[in-house]
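Student: I have a structure to work through. Can we take it by question and answer?

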Amino acid sequence: MSPHPPRQARTINVHIQGWLLALPAIVLLAAFTHIPGIATIFDSFYATPHGKRPAAFVGWAQYQTMWTDPIAWTALKNNLLYALITVPLSIGLALAMALWVAGRIKGRSALRLAFFTPTILPMVAAANIWIFFYTPDYGLLNQITRAFGGGSVNWLGDPSTALPALMAVTVWKEAGFFMIFYLAALQQVSPTLYEAARMENAGRWTIFRRITWPLVMPTTLFVAVNALINAFRVVDQVIAMTGGGPNNATTLLLFYIYQVGFSFWDTGYAAALSALLLALLGLVSMLQFALLGRNVHYR
Amino acid sequence: MSDRLFRLLSTLGAWVFGLVWALPLLYALWAAFHPSAFATHFDISAPVTTGNFIRAWEAAPFARYFLNTVMLVIGIMIGQFVICTLAAFALARGKLFGGEILFALILVQLMVTPDVLIMENYRTLQKLGLIDTLTGVGLPYVASAFGIFLLRQTFKSIPKELDDAARLEGASTLQTIWRVYLPLARPVYVAYGLVSISYHWNNFLWPLIVTNSTETRPLTVGLQVFASVDQGIDWSVICAAALMTSAPLMLAFLLFQRAFIQSFLRAGIR
């Protein structure tokens, strides 16, 4: 480089250098996120190609199939239920755990360990442990229900209990993870606020409702959005525990996409289902912008 | 309610709840460390054994699965460190046209992870001839929006003066990154590394689709194959296998609990 290049040329050089530095990331992100995302929507308007014949344009036909496909509806309904139940439950339990562990409680570190350890386990390992836990007749859960005089339940085999049984595993694994965010948030709450409340003789519930809850609100929103995104990407425990059964009672969207795409090899229809999932994730991200504004928690 | 009574009840509640939370794991530990006959039958006098672990280890190529997972996890981490550092630096020091738009586009991946687009990404891998390779399992995750985001925020907080000083001494851009930015961001790299390792140690769907041989299968997929095909219903062995595949992470977590929790907090999202 010459010692004093003209100013404009230097700025351009700097910009080129910037793009070159970002280039590997841009190429990979485009190749595995943006281009396939657009291609998915594109593909959803084509039939599944057979052999060497190129796919035919079919317009909205895949979406019409989806509209009349009872399994697609079941998957959507199951997924919404999944989100609606696991998200608030995980958050509520996470906050309860954090409140317990944040205070001076006997055996604090043991409790923290019990709450947090499930988070570290691979979901597949956790799923296999829980299958055992749920085993009809012999499993611990049935031994407990029997000890209390109940009958034996086939938790994963009965359509009415299978989905809740999967939800339990999700909550078990997620609550401890969210707990640490609440722990961090609780540490930020100024003790003077609690002292002031005590001076006013405020009750425990009032203190929680008027001080703790509003002050951990940003954490609650942050955790809620992340839990919501996760809820629409749940698939590991479905594959490991039920395979979508019994009678599609545990089929969730991503699992159904996997099944249609990789078991039935109906790529066109899988693309339409993926487009639906993308739309849902897009909705969640709009919600995220509305709720979190300019990245409250991201700084 | 008096303060003492409340405290007592709260502690009691916490303990019952903690026990319930630990129950599935304790149960798995019980089954894994006792002969199959005692898997669902509790008896304090049951003999303790490591036989289930040995049987699991011998029944499936877990040694190979471990090797695959370790190579995968380390490969992804190194790739992420290099690629995300370069991109984050470019974005943090704001010297590229359209940097803001580029950053927004990058963040899309936080929501649309590669496993949401399994069909298309599988096809891409097919074209690249990377099906059933560890490179294929790792490649879509190497440019991580999360890593770029995290490092960009960190780099932004590093004083520009340090950068200028290095340049005055004649350091090139890469040298500046290496000598100024990397050392100052070390805790963030540790945090990101731990999060990345635990995410990819546990990742399942994508490797399940991409791999189909012992030589490439990571532990999670190997465990699933083992549990669904080979074992029937010998729960003691399956529990042993499940615990075995999680053991390195669990041990690391027990030893560096504080670092782990700090990392997850710092990183925010997995």
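This is a predicted model: local features need pLDDT of at least 70, side-chain atom pairs count only at pLDDT 80 or more; totals for chains, interfaces and linings use all residues.

Student: At what angle do α3(B) and α6(B) pack, and how far apart are their axes?

Tutor: Two numbers describe a packed pair: the angle between the axes and the distance between them. For α3(B) and α6(B) the angle is about 35°, and the axes are 9 Å apart.

Student: Which residues of α6(B) make the contact with α3(B)?

Tutor: Take the α3(B) side to begin with: B:Asn68, B:Met71, B:Leu72, B:Gly75, B:Ile76, B:Gly79, B:Gln80 and B:Ile83. The α6(B) side consists of B:Leu134, B:Val137, B:Gly138, B:Tyr141 and B:Val142.

Student: How many charged residues does the contact of α3(B) with α6(B) have?

Tutor: Sort the contact residues by class. Eight are nonpolar and five are polar. The number of charged residues is none.

Student: α3(B) also packs on α7(B). Is α3(B) parallel or oblique to α7(B)?

Tutor: α3(B) spans residues 62-92 and α7(B) spans residues 145-156. Their axes lie 8 Å apart, at an angle of about 50°. That angle makes α3(B) oblique to α7(B).

Student: Which residues of α7(B) take part in the contact with α3(B)?

Tutor: From α3(B) come B:Gln80, B:Cys84, B:Thr85, B:Ala87, B:Ala88, B:Phe89, B:Leu91 and B:Ala92. The residues of this contact divide into nine nonpolar, three polar and two charged. On α7(B) they are B:Gly147, B:Ile148, B:Leu151, B:Arg152, B:Phe155 and B:Lys156.

Student: Leaving aside neighbours within four places in sequence, which residues are in contact with B:Ala87?

Tutor: B:Ala87 is part of the α3(B) contact with α7(B). Its contacts lie in both chains. They are B:Ile148, A:Leu21, A:Ala22 and A:Ala25.

Student: Which helix of chain B gives the most to the side that touches chain A?

Tutor: The contact takes 65 residues from chain B and 61 from chain A. By class, the chain B side has 49 nonpolar, 14 polar and two charged residues. With ten residues, the helix that gives the most is α1, residues 3-32.

Student: Turn to chain A. At what angle do α3(A) and α10(A) cross?

Tutor: α3(A) covers residues 70-102 and α10(A) covers residues 217-231. The crossing is right-handed, and the axes come within 9 Å. The angle is roughly 140°.

Student: Which residues of α10(A) meet α3(A)?

Tutor: On α3(A), the residues are A:Tyr82, A:Ala83, A:Thr86, A:Val87, A:Ser90, A:Ile91 and A:Ala94. The contact has ten nonpolar, three polar and no charged residues. The α10(A) residues are A:Thr220, A:Val223, A:Ala224, A:Ala227, A:Leu228 and A:Ala231.

Student: Is A:Gly37 buried or exposed?

Tutor: A:Gly37 lies in α1 of chain A, residues 7-43. Leaving aside neighbours within four places in sequence, A:Gly37 is in contact with A:Leu278, B:Val112 and B:Leu117. A:Gly37 has 20 C-beta neighbours inside 10 Å, so A:Gly37 counts as buried.

Student: Is A:Asn247 buried or exposed?

Tutor: A:Asn247 sits in the loop between α11 and α12 of chain A. Its phi is near 55°, a positive value in a residue other than glycine. Most residues other than glycine have a negative phi. With 10 C-beta neighbours inside 10 Å, A:Asn247 counts as exposed.

Student: What is the phi of B:Asp132?

Tutor: B:Asp132 is in the loop between α5 and α6 of chain B. B:Asp132 has 15 other C-beta atoms within 10 Å and is partly exposed. Its phi is positive, near 60°.

How values were computed. Residues are numbered from 1 along each chain as its sequence is written. Chains are lettered from A and ligands numbered from 1 in the order in which they are written. Two residues are in contact if their C-beta atoms, placed from the backbone, lie within 7 Å. Axes are lines fitted to C-alpha atoms, for helices over the stretch in contact, and angles run from 0 to 180 degrees between N-to-C directions. Helices (H or I, at least four residues) and strands (E, at least two) are DSSP runs, numbered from the N terminus. Angles under 35 degrees count as roughly parallel, over 145 as roughly antiparallel, 65 to 115 as roughly perpendicular and the rest as oblique. Ala, Val, Leu, Ile, Met, Phe, Trp, Tyr, Cys and Pro count as nonpolar, Asp, Glu, Lys and Arg as charged, and the others, Gly among them, as polar. A residue is buried if 20 or more other C-beta atoms lie within 10 Å of its own, exposed if 12 or fewer, and partly exposed in between; C-beta atoms are placed from the backbone. A crossing is left-handed if the near helix is turned anticlockwise from the far one by less than a right angle, and right-handed if clockwise.
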